[in-house]
Amino acid sequence: MTPFHLEVRNVRKSFGRKVLFDAVSFDVRLGESFAVTGKNGSGKSTLMKIICGVLTPNGGSVRYVVNDKEIPLSHVAPHIGLVSPYLNMYEEFTGEENLRLFAKIRGIGVRQDDIHGLLQRFGIFEHRNKEARFYSSGMKQRLKYCAALLHRPALLFLDEPTANLDDIGIAVVREVMREQRQRAALVFATNESEDLSFADRVLDLSRLKIG
Amino acid sequence: MVTPIPYQVFVKEVASEFRTRYALNALLMFVVTTLTMVVFSLGDNTVPYEILSGMLWIVIFFSAMSGLSRTFVTEEERGTSLTLRLLTSATNVYIGKFLYNVVLILAMSVFIAFAYRLIIDDFVVRSSSIFWTTIVLGGIGLAAASTILAAIIAKANTKGTLFPVLAFPVLLPLLLTCIRATVLSVEGAFFSEAFKDFQILVSFSVVMIAASVIVFEYVWND
Ligand SMILES: Nc1ncnc2c1ncn2[C@@H]1O[C@H](COP(=O)(O)OP(=O)(O)O)[C@@H](O)[C@H]1O
Ligand SMILES: [Mg+2]
């Protein structure tokens with residue numbers, strides 16, 4: 001795995017007058033696992049969106065450095081994967097079509113074997129030709145994992161990693177989290193105390209809260 | 001083996017349209033209704049060709065508005081805009097969506113133009129080269145303007161109604177030029193006589209696309 005570095009500095013976000021957080025700073029490097037916690041509405045999901053580059057902060061900076069070279073946020077797509085309740089699949093496409101689409105729009109090539117392997121691992125291989133609108137919420141969550149892992153991202157972001165999953169699904173996710181931490185790097189937002197055992201460092205947004 | 005990303009976005013739009021028929025259904029219904037209304041309101045009256053040329057563009061304008069406004073609204077409504085933002089840059093999304101709108105609008109305008117000439121006997125085009133050049137250049141201009149407007153409107157709360165209202169002043173110079181060139185095509189003018197109008201149409205599109213690429217980045221990213 002090539003060395004990389006995610007650098008978050010003094011990130012600030014407010015909606016209208018409501019300030020969610022006003023100076024979030026942390027670093028994530030190869031081989032690390034970073035967790036974000038905090039009560040509902042403390043801004044975990046918002047922070048995850050900001051560091052993935054899909055939401056613009058009101059201040060501060062998010063930088064990705066891969067191989068000592070900074071990558072602009074508009075080009076980090078091939079290096080990151082995200083599983084989030086706010087990330088929806090295209091309902092009119094089948095599970096497998098969604099995965100192909102994701103890879104193509106990310107600008108990377110994938111092999112049929114890799115797609116099928118992931119679908120099998122997450123137990124939705126039999127449903128691969130079903131349109132995503134017919135998936136249950138748990139199946140959708142599993143498909144999101146396939147989409148996030150397909151390109152073997154350097155950084156994997158998980159917002160509520162085990163949401164909507166049954167015991168089997170949770171077991172697979174735990175395995176994925178362990179692997180990702182070893183192979184590359186992991187950032188996740190959670191309220192489950194069990195998840196925190198996967199983290200090297202924890203940021204509690206409720207405590208950080210200012211004003 | 002990896003093709004350009006804007007093209008992948010374009011392919012996704014086409015595939016999605018074939019599954020959902022979001023835009024096609026709206027378009028087709030609008031085209032059929034407006035054409036029927038035009039035919040009934042004309043009745044047996046002889047109408048000057050200037051008016052007929054104007055009416056052709058009214059049909060094209062409103063049909064385009066009804067279909068093209070959907071491109072970004074569907075992403076917002078279904079919560080897939082975050083997905084697209086995650087997967088690629090704003091510029092790639094813009095180009096892909098714009099290309100899709102160009103294809104959609106050209107198909108629609110060509111269909112309308114054929115139907116219009118077929119249904120309305122008094123509308124006789126004597127210079128086909130001027131006529132079709134106008135349709136193509138006008139269509140590209142319409143697509144350029146409506147792509148960026150659709151992106152802006154998708155973020156607003158009053159999505160549907162706002163679109164034609166915002167689009168009209170922006171598109172007025174384009175429409176007036178198209179109508180003038182269409183009149184020339186009926187009069188059987190030489191191609192060179194319409195050249196000035198074509199220059200205006202091309203400039204409109206170039207300016208619109210250039211401005212859109214810059215503006216879109218801010219509209220698209222929350
Ligand atoms: N687009 C938005 N506009 C206004 N307020 C928002 C928006 N997104 C999130 N919020 C608010 O920001 C706060 C934090 O939300 P979120 O990041 O989802 O929290 P968490 O994931 O920690 O539960 C909530 O109070 C929410 O209402
Ligand atoms: Mg959340």
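Partly exposed residues are those between the buried class, under 20% relative accessible area, and the exposed class, over 50%. The legends below use these classes for a predicted model.

**Figure 1. Interface of chain B and chain A.** In this predicted model, 24 residues of chain B are in contact with 27 residues of chain A. The two chains bury about 2300 Å² between them, with 66% of that area on carbon and sulfur atoms. On the chain B side, B:L82, B:L86 and B:L87 lose the most area to chain A, and together they make up 31% of what that side buries.

Figure 2. The rule finds 2 salt bridges between chain B and chain A. A:E92 forms a salt bridge with B:R78, where the closest N and O atoms are 2.6 Å apart. On the side of chain B that touches chain A, the elements giving two or more residues are α1 (5-20) and α5 (81-87) of chain B. α1(B) gives the most, with 8 residues. By class, this side of chain B has 9 nonpolar, 9 polar and 6 charged residues.

**Figure 3. Salt bridge of A:R63 and A:E7.** The search of the whole structure finds 24 salt bridges over all chains. In this view, the side chains of A:R63 and A:E7 meet at 3.2 Å, N to O. A:R63 lies in strand β4 (residues 59-66) and A:E7 in strand β1 (residues 4-15) of chain A, so the pair ties together parts 56 residues apart in sequence. A:R63 is partly exposed at 29% relative accessibility, whereas A:E7 is buried at 15%.

**Figure 4. Salt bridge of A:E32 and A:R201.** The closest N and O atoms of this pair are 3.0 Å apart. A:E32 is in the loop between β2 (18-29) and β3 (33-37) of chain A, and A:R201 is in strand β9 (residues 201-204) of chain A; the pair therefore ties together parts that are 169 residues apart in sequence. A:E32 has 22% relative accessibility and counts as partly exposed. A:R201, at 32%, also counts as partly exposed.

**Figure 5. Salt bridge of B:E13 and B:K97.** The side chains of B:E13 and B:K97 meet at 3.0 Å, N to O. B:E13 is in helix α1 of chain B and B:K97 in helix α6 (residues 90-119) of chain B, 84 residues apart. B:E13 is buried, with a relative accessible area of 7%, and B:K97 counts as buried at 0%. Salt bridges that share partners join B:K12, B:E13, B:E75 and B:K97 into one network.

Notes. Residues numbered from 1 in each chain as written. Chains lettered and ligands numbered in written order. Predicted model: local features only at pLDDT ≥ 70, side-chain atom pairs only at ≥ 80, totals over all residues. Heavy atoms only, no water. Contact = heavy atoms within 4.5 Å. Buried area = accessible area lost by both parts, 1.4 Å probe. Salt bridge = Lys/Arg side-chain N within 4 Å of Asp/Glu carboxyl O. Helix = DSSP H or I, 4+ residues; strand = E, 2+ residues; numbered from the N terminus. Nonpolar A, V, L, I, M, F, W, Y, C, P; charged D, E, K, R; others polar. Buried < 20%, exposed > 50% of the residue type's maximum accessible area, 1.4 Å probe, protein only.
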